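Subject: Structure for you to look at

Hello,

Here is the structure I promised to pass on. Please open it next to this email and follow along.

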Amino acid sequence: METKTIKILILEDDLKTLSVLLDKLSVLHRRFEYSVIFTVTILSEAKKIDELVNKNTNFNYDIILLDRDCRIGGSFHILDIEKFDVDKIISISSVPEYNEELRGRGI
């Protein structure tokens with residue numbers, strides 16, 4: 001059986017939320033009988049997005065889970081959305097207005 005790799009970028013700073021997301025990915029991993037491998041990159045600091053993601057041409061993700069506010073300052077919405085396929089980005093803010101804002105940007 002061939003193994004498929006799915007690359008996921010999670011932009012989230014809340015540890016409880018991260019815990020839930022990773023737990024759900026673990027459940028999916030088992031459901032796929034380990035034929036799907038999830039590689040996960042987590043950034044919990046918005047100011048690192050420019051340096052590590054926006055300016056790096058080597059980063060390519062199949063799925064991006066995108067929160068908005070970063071507790072230590074800034075917004076995860078500085079992600080260069082045009083660099084990625086908007087169909088691969090999922091807005092995960094707990095504030096409906098922030099998700100609507102991204103919907104207006106095609107997400």
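First, the ground rules. This is a predicted model, in which local features need pLDDT of at least 70, side-chain atom pairs count only at pLDDT 80 or more, and totals for chains, interfaces and linings use all residues. Residues are numbered from 1 along each chain as its sequence is written, and side-chain values use heavy atoms, leaving out hydrogens and water.

**The sheet.** Helices (H or I, at least four residues) and strands (E, at least two) are DSSP runs, numbered from the N terminus. Two strands pair if DSSP finds at least two bridges between them. Here 4 strands make an open sheet, ordered β2-β1-β3-β4, with parallel pairing. From one strand to the next, the twist averages 20°. (Axes are lines fitted to C-alpha atoms, for helices over the stretch in contact; angles run from 0 to 180 degrees between N-to-C directions.) Strands β1 (residues 4-11) and β3 (residues 63-66) are joined by 4 bridges. Leucine 9 stands opposite isoleucine 64 in β3.

**A helix on the sheet.** Helix α2 (residues 47-54) lies across β1 and β2, at about 130° to β2. Its buried residues (under 20% relative accessible area, 1.4 Å probe, protein chains only) are Ile49, Val53 and Asn54. Seen down the axis of α2, they fall within an arc of 75°, so they line one face of the helix. The arc uses the directions from the helix axis to the C-beta atoms. These buried residues pack against β1 and β2, where contact means heavy atoms within 4.5 Å.

**The cores.** A nonpolar core is a set of buried Ala, Val, Leu, Ile, Met, Phe, Trp, Tyr and Cys residues joined through side-chain atoms within 4.5 Å. The largest has 17 residues; Leu11, Ile64, Leu66, Leu79 and Ile89 touch the most other members. Two or more of its residues come from each of β1, α2 and β3. A second, separate core of 8 residues includes Ile10, Leu18, Leu25 and Val36.

**The aromatic pair.** Rings of Phe, Tyr and Trp (its six-membered ring) pair if their centres lie within 6.5 Å; planes under 30 degrees apart are stacked, over 60 edge-to-face, the rest tilted. The count is 1 pair. The ring centres of tyrosine 61 and phenylalanine 84 are 6.4 Å apart and their planes at 45°, so the pair is tilted. Both residues are buried.

Best wishes

Terms used
Buried means under 20% relative accessible area, exposed over 50%, partly exposed in between (1.4 Å probe, protein chains only).
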